[in-house]
Amino acid sequence: MRKLPVIVIGVVLTLLAVVTGCSSGESSKSSPVASAAITLTPGVGAADVAPTAPVSVVVADGTINEVALTNAVSGKAVAGQLNADRTQYVISEPLGYGTSYKWSGSATGPDKVAVPITGEFRTLAPKSTIPATINIGDGQEVGIAAPIILKFTGPVVNKAAVEKALTVTTNPPTEGSWAWLPDDNGSRVHWRPREYWQPGTTVHVAAKLYGLDLGNGNFGDSDVTSDFTIGRSQVVIANAPSHRMQVVRDGVTVFDFAVSYGEGNEARNVTRSGVHVVTEKYEDFLMSNPPYYTNVRERWAVRISNNGEFIHANPESVGAQGSANVTNGCINLSPSDAQAYFPTALYGDPVEVTGTRIDLSQADGDIYDWAIDWPTWQSMSALAGTPTAAGAPR
């Protein structure tokens, strides 16, 4: 009998074995048993990956035995979550900028053979990162005119992308909009309600800025949040021709003071008309307005704009208070009246000044939000000024 080549004998023996093993006596074909198929996201060797991009391992026709993503330099493991059937592992924390990461582990398919999970990728390295801060801190109670101010230490080019990463959630829902205001030292965006806040409103602000492309090679430095509450309604009614100032709390006039406003002999001394916002207060404050005076100690000073306007005590103008406007732009009260008003003032309280010849504007500081009419405010948004009911992210 002629010998067959060895490889053919192997095939014949295999087929015979298969036929012999069939109880029905019928012939069957063999098929290879599948190994685990592993998909890494991002792919092996990927570069310039955003640190907040989805990162995962998915196994088809198999299960994950063990898996880890580690910093290639420090060896520190990145947090992740394995699903119940062990077919997917998803990273659950942001990655670092400009960092290499390595996968390790294995998965097993129907062939019972362990397939290694390996690969490396690198996140993007920004030209620089730009921090941002929110003007209202956690747990703070503010007045009904307080804007939300997100201040960046550098320029923001991709303003629309930033706005999409910002959410304002309130109870009750409050209509409002973001607006970008000029800033010489960076960029800033304000959110204000269409009307004054409703007292007692709770507010949550979330700015998902880490990993966000701000433009020109700059990226967000970190996420920022704030949770605060709107306090009671207190409005200062300041009509310059009347030489008086009323403090109205929750609709009730609690103070009616004789005061003196700016005499208006020159523009710098005109108390500006418009809705000012209380921003800070000092029991003692050194004020200067050259050439008129320098480092004069004033008491019970409540700042209402960054152009030097305060509501404060001034014993030297008591004789004019209630009858004439003689100040250099501030609202002067008697020491006892100023001391009575001082503890009631809250960051974000509106001070509504009327009856003077110059309106509050951008030239008077960083908070002139209420001097801008609502349609114009909306137009200053990078997202076409679409109004939002706070609580609905956009």
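**Entry 1: His 276**

I began with the surroundings of His 276 and set aside its neighbours within four places in sequence; the residues in contact with His 276 (heavy atoms within 4.5 Å) are Ile 304, Ser 305, Glu 309, Asp 349, Pro 350, Val 351, Val 353 and Leu 360. I note that the model is predicted: local features need pLDDT of at least 70, side-chain atom pairs count only at pLDDT 80 or more, and totals for chains, interfaces and linings use all residues. Residues are numbered from 1 along each chain as its sequence is written, and side-chain values use heavy atoms, with hydrogens and water left out.

I located His 276 in strand E23, residues 274-277. Helices (H or I, at least four residues) and strands (E, at least two) are DSSP runs, numbered from the N terminus.

**Entry 2: Salt bridges**

I searched the whole structure and recorded 10 salt bridges, each defined as a side-chain nitrogen of Lys or Arg within 4 Å of a carboxyl oxygen of Asp or Glu.

Asp 349, listed above as a contact of His 276, meets Arg 232 in a salt bridge of 2.9 Å, N to O. Arg 232 lies in the loop between strand E19 (224-230) and strand E20 (234-239), and Asp 349 in the loop between helix H3 (335-341) and strand E28 (350-354), so the pair ties together parts that are 117 residues apart in sequence. Asp 349 counts as buried, at 0% relative accessibility.

I next examined Asp 256 and Arg 244, whose side chains form a salt bridge of 2.9 Å, N to O. Asp 256 is in strand E22 (residues 252-258) and Arg 244 in strand E21 (residues 244-249), so this pair connects parts 12 residues apart in sequence. Asp 256 is partly exposed at 42%, and Arg 244 is partly exposed at 30%.

**Entry 3: The sheet with strands E24 to E27**

I traced an open sheet of 4 strands in the order E24-E25-E26-E27, with mixed pairing; two strands pair if DSSP finds at least two bridges between them. The edge strands, each pairing on one side only, are E24 (280-289) and E27 (331-333).

Strand E25 (residues 293-303) pairs with strand E26 (residues 310-313) in the antiparallel sense over 3 bridges. Which residue in E26 is the bridge partner of Arg 299? I found Ala 313.

Arg 299 also forms a salt bridge with Asp 284, with the closest N and O atoms 2.7 Å apart. That pair links Arg 299 in strand E25 to Asp 284 in strand E24, 15 residues apart. Arg 299 is partly exposed at 28%, and Asp 284 is partly exposed at 34%.

**Entry 4: Trp 178**

I placed Trp 178 in strand E14, residues 175-181. Trp 178 counts as buried because its relative accessibility is 3%. The C-alpha atoms of Trp 178 and Pro 193 are separated by 9.1 Å, the two residues being 15 residues apart along the chain.

Note on methods. Buried < 20%, exposed > 50% of the residue type's maximum accessible area, 1.4 Å probe, protein only.
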